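Reader: I have a model open and a few quick questions. Can we go through it piece by piece?

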Amino acid sequence: MLAERLLLAVYAYGTNTGIRAISGGEHGHSEDDLRYVRRRYLSVDVARAMATQITNATFAVRRQQVWGAGSSAVASDSTHCGAFDQNIFTEWHSRYGGHGVLIYWHVEKKSMAIHSQVINCSASKVAAMIEGAMRHGTSMEVDGNYVDSHGQSEVGFGLTRLLGFDLLPRIKRINHVKLYRPAAGEPDAYPRLAPAMTRPIRWDVIGEQHDQMIKYATAIHPTYQAMIELGRAQKTLFVARYLRDRDLQREIDEGLNVVESWNGGNSAIFFSKGGGIASNRRDEQELSVLCLRVLQSALVYVNTLMVQDVLADEVWADRMTDIDHRGLTPLFWTHVAPYGEVRMNMDRRLSLRAEA
């Protein structure tokens, strides 16, 4: 009974329909029962643990012959979610043109979210990127993070270098980015790059503050100037690598396309009330986002098993080419019917094989 009520409460928050609407389904649980279970058992920490467990279960059942080798990189981006504007805590986002909050996602290359967070419209996306890459809590080891131009900065390059993973952005107006010289006193060392070159990196500042940068890598301190110098050096290395490596350019674009697809799935699942969160309480907003993540992660988990069951048939598996495998994704929802009565049947399971 508790499991049924928890699932209904997660569905109510994750689809944005609300507990009152869900209580009218053919499941025998009243609105008061569902609200009690929500207050007593469904917290932000519980929803996060549920999402993490589904993510780890998906990683465990994936078959390499279907999905390819596992990736150690994630893509991160935000999506704007509207919120009620009738209180003083509501923020207006100048880019999206509306009241609300931002949901910042970290999604790995096979369409599974490993982290989500609610951030203010004015919050730093660089800070959110680092937070998710370091504290996602899943079994994945993050070695690289794809971002768009808003998710990178020179300080971000410096911090990710110290924290041990690569910042891999798609930079707008990359033709205007300046490359920093590796050493002073060599003005003619790179004649063909002269128009793009600027002053040398101040390695002495980095050396003086190195221990402090390591100490405060997760909480910026007055070593800001040295962090910028380190970031400038790392950004110069990245830009040089990016411009000569077409495979890296495709890899970053592919990763960012995955997170854009994930954002597209949000609107299909979080469909009620026009996608606007009905509360400006931060804990309620966070719970709604985490329940959305639970539902979407569960969708990817089930889709992963369904695709694997189909391709377990040699007739279908033999028809798959390399191009087909590249286009294969577990993030699809055309088979989902979000509207209508909510029915519960805990005595029946989908006949899907969950072994790896």
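Reader: Where does Thr15 lie?
Author: This is a predicted model, to start with. Thr15 lies in the loop between helix H1 (2-14) and helix H2 (19-22).

Reader: Is Thr15 buried or exposed?
Author: Buried. Its relative accessible area is 3%, and the cut-off for buried is under 20%.

Reader: What does Thr15 touch, leaving out residues up to four places away in sequence?
Author: Thr15 touches Ile269, Phe270, Phe271, Ser272 and Leu295. Ile269 belongs to helix H10 and is itself buried.

Reader: What is phi of Asn16?
Author: Near 70°. That is a positive value, and Asn16 is not a glycine. Most residues other than glycine have a negative phi.

Reader: Where is Asn16 found, and is it buried or exposed?
Author: Asn16 is in the loop between H1 and H2. Asn16 counts as buried, because its relative accessibility is 7%.

Reader: What about phi of Arg173?
Author: Also positive, at about 50°, and Arg173 is not a glycine either. Arg173 sits in the loop between strand S6 (166-169) and S7.

Reader: Buried or exposed, for Arg173?
Author: Exposed. Arg173 has 59% relative accessibility, and exposed means over 50%.

Reader: Switching to H10. What span should the helix have, and what does the model give?
Author: H10 covers residues 246-269, which is 24 residues. At 1.5 Å a residue, H10 should span 34 Å. Its end C-alpha atoms are 35 Å apart, so the two agree.

Reader: Which residues of H10 are buried?
Author: Leu248, Gln249, Ile252, Gly255, Leu256, Val258, Val259, Trp262, Asn263, Gly265, Asn266 and Ile269.

Reader: What happens at the start of H10?
Author: A side-chain oxygen of Asp245 comes to within 3.1 Å of the backbone nitrogen of Asp247.

Reader: Next, Pro182. Which loop is that in?
Author: The loop between strand S7 (179-181) and strand S8 (197-200). Pro182 counts as partly exposed, because its relative accessibility is 38%.

Reader: What does Pro182 touch, beyond residues up to four places away in sequence?
Author: Tyr190 and Trp203.

Reader: And how far is Pro182 from Ala233?
Author: They are 51 residues apart in sequence. In space, Pro182 and Ala233 are 7.7 Å apart, C-alpha to C-alpha.

Reader: How far apart are Ala49 and Cys121?
Author: 72 residues in sequence, and 26 Å in space, C-alpha to C-alpha. Ala49 is found in helix H4 (residues 44-61). Ala49 is partly exposed, with a relative accessible area of 44%.

Reader: Zooming out. How many helices and strands does the chain have?
Author: There are 13 helices and eight strands. The C-alpha atoms fill a box of roughly 80 × 60 × 35 Å along the principal axes.

Reader: How much of the chain counts as buried?
Author: 46% of the 356 residues. The accessible surface comes to about 18700 Å², and 51% of that belongs to carbon and sulfur atoms.

Reader: What share of the contacts joins residues at least 24 apart?
Author: 69%, among contacts between residues at least 6 apart in sequence.

Reader: Last one, charges. How many positive and negative side chains are there?
Author: 40 positive and 40 negative. The centres of the two sets lie 4 Å apart.

Terms used
Residues are numbered from 1 along each chain as its sequence is written. Side-chain values use heavy atoms; hydrogens and water are left out. Helices (H or I, at least four residues) and strands (E, at least two) are DSSP runs, numbered from the N terminus. The expected span of a helix is 1.5 Å times one less than its number of residues. Buried means under 20% relative accessible area, exposed over 50%, partly exposed in between (1.4 Å probe, protein chains only). A polar contact is a pair of N or O atoms within 3.5 Å; within protein, one must be able to donate a hydrogen and the other to accept it, and residues adjacent in sequence count only if both atoms are side-chain atoms. Contact means heavy atoms within 4.5 Å. Accessible areas come from the Shrake-Rupley method with a 1.4 Å probe; for residues, only the protein chains shown count as cover. Lys and Arg count as positive and Asp and Glu as negative; His and the chain ends are not counted. The place of a charge is taken as NZ of Lys, CZ of Arg, CG of Asp or CD of Glu.
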